[in-house]
Number of protein chains: 2
Amino acid sequence: MKRDLSGLVTPRSIAVVGASPRSGSVAGEILRNLKRCGFSGELLPVNPKHETIDDLRAYPSIAALPSDVDMAVLAINRDIVLPAVAACGERGIRNQIIITAGFKESGEEGIAREDELRKLVSRFDLNLVGPNCMGMITSTQEMRMNASFSRWFPQGGQIAFVSQSGSLGETLLECFEDAGLGVSLFVNLGNRAGLTENDFLAHLADDETCHAIFLYLESFADPQGFRALCERIVGTKPIVVLKAGRTEAGVAAVASHTGSLASPDAVVDAFLAQCGALRVNTIEETITALRALERGVLPKSDRVVILTNAGGAGIIAADACERVGIDVPPLDEETRGQLAEFLPPEAGLGNPVDMIATAGAADYENGLRTALGAADAAIVIFRPPLVLPDSPEAVAEGIVRVSAEVPEKPVLVCTLSEQETEVVRRLRSAGIPVYAMPETAVDALHFFHRVRDLREPWRESQASVPRDLDGARQIIEGALAEGRGGLTFDEGARILGVFGIPVCRHAHAESDGQALAFAADVGFPVVAKIDAPDLHHRFELGAVITGISDEAKLADALRRLRDVIEVNGLKRARILLQETLAGRELIFGMDRDPSFGPIVMFGLGGTLVEALKDVAFAVSPVTVDQAVRTVRSIRALPLLEAFRGEPAVDIDQLARILASLGELSLALPKAAEIDLNPIIATPDRLAAVDILITLRP
Amino acid sequence: MKRDLSGLVTPRSIAVVGASPRSGSVAGEILRNLKRCGFSGELLPVNPKHETIDDLRAYPSIAALPSDVDMAVLAINRDIVLPAVAACGERGIRNQIIITAGFKESGEEGIAREDELRKLVSRFDLNLVGPNCMGMITSTQEMRMNASFSRWFPQGGQIAFVSQSGSLGETLLECFEDAGLGVSLFVNLGNRAGLTENDFLAHLADDETCHAIFLYLESFADPQGFRALCERIVGTKPIVVLKAGRTEAGVAAVASHTGSLASPDAVVDAFLAQCGALRVNTIEETITALRALERGVLPKSDRVVILTNAGGAGIIAADACERVGIDVPPLDEETRGQLAEFLPPEAGLGNPVDMIATAGAADYENGLRTALGAADAAIVIFRPPLVLPDSPEAVAEGIVRVSAEVPEKPVLVCTLSEQETEVVRRLRSAGIPVYAMPETAVDALHFFHRVRDLREPWRESQASVPRDLDGARQIIEGALAEGRGGLTFDEGARILGVFGIPVCRHAHAESDGQALAFAADVGFPVVAKIDAPDLHHRFELGAVITGISDEAKLADALRRLRDVIEVNGLKRARILLQETLAGRELIFGMDRDPSFGPIVMFGLGGTLVEALKDVAFAVSPVTVDQAVRTVRSIRALPLLEAFRGEPAVDIDQLARILASLGELSLALPKAAEIDLNPIIATPDRLAAVDILITLRP
């Protein structure tokens, strides 16, 4: 549900509760920040000890405030903050920012205080930011509001910045300022007792001033809500997420491979990709990405041309492209011919185009125009040489002109210097991203490509097939009623069948005759094993016998398994026969993450999964298209391709199995974990040959 | 051989040939650069058209110069440069820098000109830099010499910088200047018609002013010489190499896997690691690494402590450590107790130590001193908060004091700002590396660890075993005399035997009786195949029959193979029997790189090597220790460990095989390529089961 945050983001009047003329008073600093930044609305300090504060009339109490105040900032002692919040509520001030710390971040008393605060949020239907936060900033042409104790009032721009951390938020604001990145909105969420990142995402979805959204998060308040909002937004504006914090808990690792392999970070990676959000990992990547994305133009294809007046830097750029997988295609004959008409004979007409040190403004302008005819983006390396026929600014103007002619093709400039010269300023003011280092420009281009790929609309989830969910639930309830923690193979196979996940041919053998009939039907060799719920270490127990090649060996295997059952006193144990399948071994799994809910896993099975941990995750629900990307993201993908006479494994079918597991995880919440290890891909089909499903009541 | 470069690096007098007062004259710019930088020796412009240039007496000709000039810089027309070089030689000027272009980089005429120049180098035994270069710079307390047309005269420092590229060299000098990195020597090698990077390495080995050597290279003038010099130097000063340029040619890919898998870049990586040099890939990495290494102190262990006054930045740093594999160990109880004595109760005493925003100079000083007691390096994040009890400079002084107390433990500071404040200057002047971003400080720490690991002395190559090299050579010469391009299995096995590389048990079967005797000896099942030189596509031809399980099948197999020989008209074909080995498949190989000479390869064989291309290289000669690292560097290393009852593969033995292949590659230059694919690792031994050795006359 979208909340109206206009009274919070663009208030006409702000009460600053606790403001004092004393230096070092946090509320006083906020009041002075509001004055200093040029907030044009009304400011109403609240402090019983003063008649005026900083030349403003002070109010003795919240109750004494006029009735139409849009927003209140509270920076007062933790012991009096709750009554003040209530007083604001009573006075009709629904928009509040609580700077005050001492809530859930500080022990039991604080947790209780935050619980009380949440009740007030609900009672007065507050738009509440915080508590324990730095505040909020709006910087647009219409509104300049620094309702925070940050010293940094950012230049206006197209980026909205939502930060869970205050100190890192301020640091990033400072870095953005250094980098010349403009910010339209900054909010530090603090403890998120009221508004979360999701409320701001909903607000920003329709905010015309914001072209790109950046979030610094240490956890997600509501991952599924976050995902739904992202899916709606990323088609029109990129969402960049810096997610930090090594979650200690992560998935509770238990019996399954899925659980033990799911590193919290891998799940976050998968989740953000499913959201269509670009994940960055460092402050530097953040700046590189936002500088490229703030304008909102994405290149149509990966074709890039590099122009340079410094050969070595061109090589560095081309090398960097190769490292991140960007193709720098050779220029066609026609383009080379056009370039040769005006570039000197010493120029290199490959890609990079080395226009050599004598290149002037006309060379840059004509070179870029010509080269962009054969590409969808350009990296222009321009470093003023010792002797330049034209002023560096003239070169910049030429680049700006060409860029304006083809606004749909990003032009990135690299100056080979950290210095913010007039050239840099002119280019940036024309919306052209400028980087010091060629490799950073290449990283930026790579972010363009990734955001474009993330933007591709996901295909809808598989046409929802009618499923016998009741039948599946009854199997689980039946097992739980018997006090079991897991299902038998046969029960598992029936549940998988409900979701269309294929299982190998199998049958319980109550007698030698039944076993022989099964073997005659599927053909030798067969596998015989003990099927009992909660039976672990089956191989070690001798409870699995493979490669049974004839009738005599089958009879012997049955005898041995019956012995194992008797010797170990196994309960509810039956003997299960399976066909033997040969092919590539795959693993599929499902587990439940405390933060993201059910997750599914795919990887190569057998030796590889255990030794290389080469698996990929997705968070349920999983569309078939997301599942395809998940399957394709494993390192060992080439092993699924056609190989030594075996046909390629059908990736679409793998994806459907993964998507079905996602569906299962949501439909059957009492299925705690699932391992299908392995599912075997034979040349003509896929089938699970081992099934582990554990339950939770 | 080490050349005396003192007359080049620290000349007392320099002739500038071609100098002119005209602006834009390159030689004139060099003369003015020399004056401007404060060169204290004698400057002697040579130009027949002027009596004085820039208030200096000009000489009408080289012959007119005094007899004791140390060095000449030549920036004159390409058509008159050779006579001028000779004239300098005649005048006894052995140190020369040739700026002039128009040599091998510019077509046939230029190549001929460079050949002539090389003759002059040899005739006069010149120390010649260039041609087609930017020149050379010395910046130390004793000598300020800008004998280049670079505008940048670097501040003196501990870094020597050898650059193959002029334009990128100047760019990097500018970046170093921005970054506050001092450079003692800069040289642009240009076309390397005289001196190469190796000559400068030899000079720098004993240069006390230089603590770290940085090279920008696009190719190696003499890789083996480079390696020998590096091995001598890296024990005392780090060598950092930025190697650019995607070599188009690379290894000539032919029949072998080794050739087709050896990407030029992978070989360069392997080579530089064997040299003990740190490879960097970007300008930014270069600066990060040099900033850390210029002081020359390396941490003893990987234990690092992170101190911060901004919690979020501490998390970012810890995350970055995790990503690059640096452990941030929790602090012990004693250290935590000591910190708790002076830090406020809100402080976080884990690692990172979050001293919160109120931390002052004493907190930083005492905190760092205490924490360094439990670690061998520290990352200190210090960003002046809104309200700080002490001046930021006081905090910096505290950090400098502690760092001086424990000079053997690197302290890296992160300021969370690109601004070069007084704090940054104070820290840097005390030799403390300062970075803006926490992740960059972590990268720097990672470089420390890598350089330290590279410095570990390599074990000597395996005690040189007496080898029957003559026997091996005779096999090859015999095959070549028959006009063959390859060896038979049996010949290959004998050569491998000479180098101690194990081969499976095998025998030629001239008759059914011999075959049966072999099978009886090694036991069924056996493998039978056609052993013929230059026989490709053996599997497709039906020339290999595996899993022969009894006498009847063996007789049948022999019959079928004889048919294949007859039908295909195979010459010199014999039937070979082998024992059947089961275990993990490995691949070893050797190929010859046009630049580095013989290289060896190791990887997992079978499906994995073909699909994942997970292989590692080393350049011959390969010490056992280098071979161990090579083996350990494959991604699939866990697959060599103990697994499902099979013992671990003996990595030392793999390394000895790889080192032996390296020995073979040097001893038998007519062995062009070798594939041992696979060598099978059974639980108790290793043995090659297929051998491909191609020859070159």
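1. Two strands are taken to pair if DSSP finds at least two bridges between them. Helices (H or I, at least four residues) and strands (E, at least two) are DSSP runs, numbered from the N terminus. In chain B, strand E24 (residues 584–593) and strand E27 (residues 671–681) run antiparallel and are joined by six bridges. Glu585(B) of this structure stands opposite Ile680(B) in E27(B).

2. On provenance: this is a predicted model, in which local features need pLDDT of at least 70 and side-chain atom pairs count only at pLDDT 80 or more, while totals for chains, interfaces and linings use all residues. Residues are numbered from 1 along each chain as its sequence is written, chains are lettered from A and ligands numbered from 1 in the order in which they are written, and side-chain values use heavy atoms, with hydrogens and water left out.

3. Is E27(B) buried or exposed? Buried means under 20% relative accessible area, exposed over 50%, and partly exposed in between (1.4 Å probe, protein chains only). Of the 11 residues of E27(B), 11 are buried, so the strand is largely enclosed by the rest of the structure.

4. The interface of chain B and chain A takes 58 residues from chain B and 58 residues from chain A, contact meaning heavy atoms within 4.5 Å. The two chains bury about 5,000 Å² between them, 57% of it on carbon and sulfur atoms. Buried area is the accessible area (1.4 Å probe) that two parts lose on being put together, summed over both.

5. The rule finds four salt bridges across this interface, each requiring a side-chain nitrogen of Lys or Arg within 4 Å of a carboxyl oxygen of Asp or Glu. Arg383(B) forms a salt bridge with Glu174(A), with the closest N and O atoms 3.0 Å apart.

6. Several elements give two or more residues to the side of chain B that touches chain A, including helix H5 (166–179), strand E13 (239–243) and helix H11 (311–324) of chain B. H11(B) gives the most, with nine residues.
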